[in-house]
Amino acid sequence: MMESAWSIGFALVALLSVLLLGFIGFVIHIYVLHRKYSHLPGPPRPSFFYGHLPIVKKEVQEGRTLVELFQKWSLEYDGLYLIWFFWHPRVVAYHKDVIKDVIIKYNLPKQKSLQKMLSDMFGARFMKNGLVSITNHEEWKKKRNAANPAFYRSHLKTLVSDYNKSCDKFLTKIGGMADGKTQVRMLDYFHRVTLDVIGKVAFDMELNSLDDDHSPFPTAVANCLNGILFKFRNPFHKINPSTFKYQRQVADGTRLLRETGRKCIEKRQAAIASGKTMPNDVLSTMMKLTELHGISSEDLLDDFITFFIAGQETTANQLSFLLLEVAQRPDVLEKLKAEIHEVLGSRDYVEFDDLAKLEYMGQVLKEALRLYPPAGGIARETKEQIVLGGHMIPANSLINVSIYSAHHHPDHFEDPEKFDPDRWNKENADKIDRFSYLPFSLGPRNCIGQVFAQFESKVLLARLLKNFKITLIPGQTRTIKEQGTLQPRDGVVCTLEQRR
């Protein structure tokens with residue numbers, strides 16, 4: 001009996017000793033990391049273990065988003081600065097010269113942890129080997145080269161008719177509420193119409209999100225995007241039971257999107273087998289990957305999810321922020337309406353040749369993307385030691401290029417918080433450094449769908465402003481909400497009236 005007690009006591013002492021030694025080793029590891037990066041500028045670190053998270057939590061509680069906090073720090077430090085999430089260092093770059101080095105000079109690869117984060121959503125496969133998340137350069141290059149033809153202007157011009165057809169449904173839907181009294185949350189309807197557009201023109205699917213108020217797709221997409229941010233902010237979510245219900249909801253939404261993609265692909269395969277002629281859309285391009293390069297069906301679904309989510313979210317948020325701004329600026333709105341009237345005349349449909357003629361609208365779209373980029377930043381990592389902004393950056397460092405900070409910095413733009421489409425007129429646009437403006441990223445891994453998004457935006461905006469008078473409900477602010485992407489927190493609530 002005594003021997004058994006001694007054995008148990010000895011085992012407990014041994015276990016505690018191992019745990020203590022492990023903890024001491026962990027503390028030493030963090031200390032060494034702190035020393036390794038101590039030469040870099042940055043805000044004082046308030047916590048040895050949590051890094052800058054206490055500051056982030058306080059700022060979020062007070063209503064500031066992470067991108068706005070990054071912007072605040074960018075005004076205090078020259079070119080770049082260092083922050084800590086727990087014991088993980090992250091170099092934040094915002095200055096155009098540093099961004100140029102990150103993207104062009106060093107052509108830094110995407111961080112491996114990004115693919116890990118996007119691989120699954122709480123047990124449900126997400127974007128694992130999709131075009132956005134894949135980090136292996138050769139695999140990415142193979143996919144990108146194969147997908148490019150679906151996004152050439154020569155092909156996108158054939159989609160303008162489909163843009164218009166989806167816009168017909170959009171105008172009919174909101175037209176039923178255009179009595180000058182009913183409050184319409186435009187963010188929701190932009191999300192629905194862009195979801196229908198990407199479904200139809202990219203995958204030949206009729207989602208009918210506009211007609212079905214109970215459609216599960218908008219919620220599923222929103223949950224997936226919010227889930228990305230949730231995982232970033234909650235690294236211990238796997239052991240936090242209070243979040244399990246939310247995690248299941250996100251996983252269910254992810255499975256819904258994958259199953260939708262699976263059915264869409266099977267339908268297309270059956271049509272091909274029966275000898276039908278298929279459109280040269282995104283889905284056809286994706287399916288060629290399986291034939292030419294042996295891409296697995298699950299990898300194909302990864303790309304489906306990537307295009308499906310990114311293809312609708314970018315345009316919906318851009319149009320929402322743009323409407324929020326122009327509805328408060330009668331001068332900008334009048335210039336837009338005048339240009340639309342000059343280009344379209346009595347026509348309602350927007351034709352391909354009209355898109356290039358809507359020059360001022362292009363300026364307004366660019367300015368909306370400057371103030372409110374779709375993503376707050378992009379992440380890269382160093383393979384070896386490099387020099388950025390005059391500072392030595394160790395190998396295997398995470399680099400966050402803060403797009404939002406670059407777009408809002410006074411070194412890059414005069415009066416950066418002002419919404420001013422004239423920055424982008426023929427006289428001024430050439431003065432803007434290309435590395436100070438990157439709403440769709442830059443370099444080899446820029447957004448493949450940016451032209452798709454701009455064509456779609458012009459069609460929807462031209463027809464919306466041609467047909468409706470839009471009045472913002474008082475209290476709508478420019479406050480940003482981070483949900484994987486940047487959205488207007490207040491939803492851009494308006495009243496609508498038909499123009500005669």
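**Aromatic contacts and overall form**

Guide: In this predicted model, one aromatic cluster is formed by F23, F26, F48, F49, Y50, F86, W87 and F236.

Visitor: How many aromatic pairs does the structure hold?

Guide: Two rings count as a pair if their centres lie within 6.5 Å. On that basis, the number of aromatic pairs in the structure is 24.

Visitor: Are the rings of F26 and W87 stacked, tilted or edge-to-face?

Guide: The ring centres of F26 and W87 are 4.9 Å apart, and their planes stand at 90 degrees. Planes over 60 degrees apart count as edge-to-face. The pair of F26 and W87 is therefore edge-to-face.

Visitor: How many residues apart are F26 and W87, and where do they lie?

Guide: F26 belongs to helix α1 (residues 2-36), whereas W87 sits in the loop between β1 (80-85) and β2 (88-93). The pair thus links distant parts of the chain, with a separation of 61 residues.

Visitor: Which geometry do F230 and Y246 adopt as an aromatic pair?

Guide: The centres of F230 and Y246 are 5.1 Å apart, with 55 degrees between the planes. Planes under 30 degrees apart count as stacked and those over 60 as edge-to-face.

Visitor: Which helices does the pair of F230 and Y246 tie together?

Guide: The two residues are 16 positions apart in sequence. F230 lies in helix α10 (residues 217-233) and Y246 in helix α11 (residues 244-273), so the pair ties together α10 and α11.

Visitor: Is F230 buried or exposed?

Guide: Buried means under 20% relative accessible area. F230 has 15%, so F230 is buried.

Visitor: Why does the radius of gyration of the chain agree with a compact globule?

Guide: For 500 residues, a compact globule would have a radius of gyration near 23 Å. The value for the chain agrees with this, because it is 25 Å.

Visitor: What percentage of the contacts with a separation of 6 or more joins residues 24 or more positions apart?

Guide: A contact requires heavy atoms within 4.5 Å. Of the contacts in the chain with a separation of 6 or more, the share from residues 24 or more positions apart is 71%.

Notes:
Residues are numbered from 1 along each chain as its sequence is written. This is a predicted model: local features need pLDDT of at least 70, side-chain atom pairs count only at pLDDT 80 or more; totals for chains, interfaces and linings use all residues. Side-chain values use heavy atoms; hydrogens and water are left out. The radius of gyration is taken over C-alpha atoms; the globule rule is 2.2 Å times the number of residues to the power 0.38. Rings of Phe, Tyr and Trp (its six-membered ring) pair if their centres lie within 6.5 Å; planes under 30 degrees apart count as stacked, over 60 as edge-to-face and the rest as tilted. Helices (H or I, at least four residues) and strands (E, at least two) are DSSP runs, numbered from the N terminus. Buried means under 20% relative accessible area, exposed over 50%, partly exposed in between (1.4 Å probe, protein chains only).
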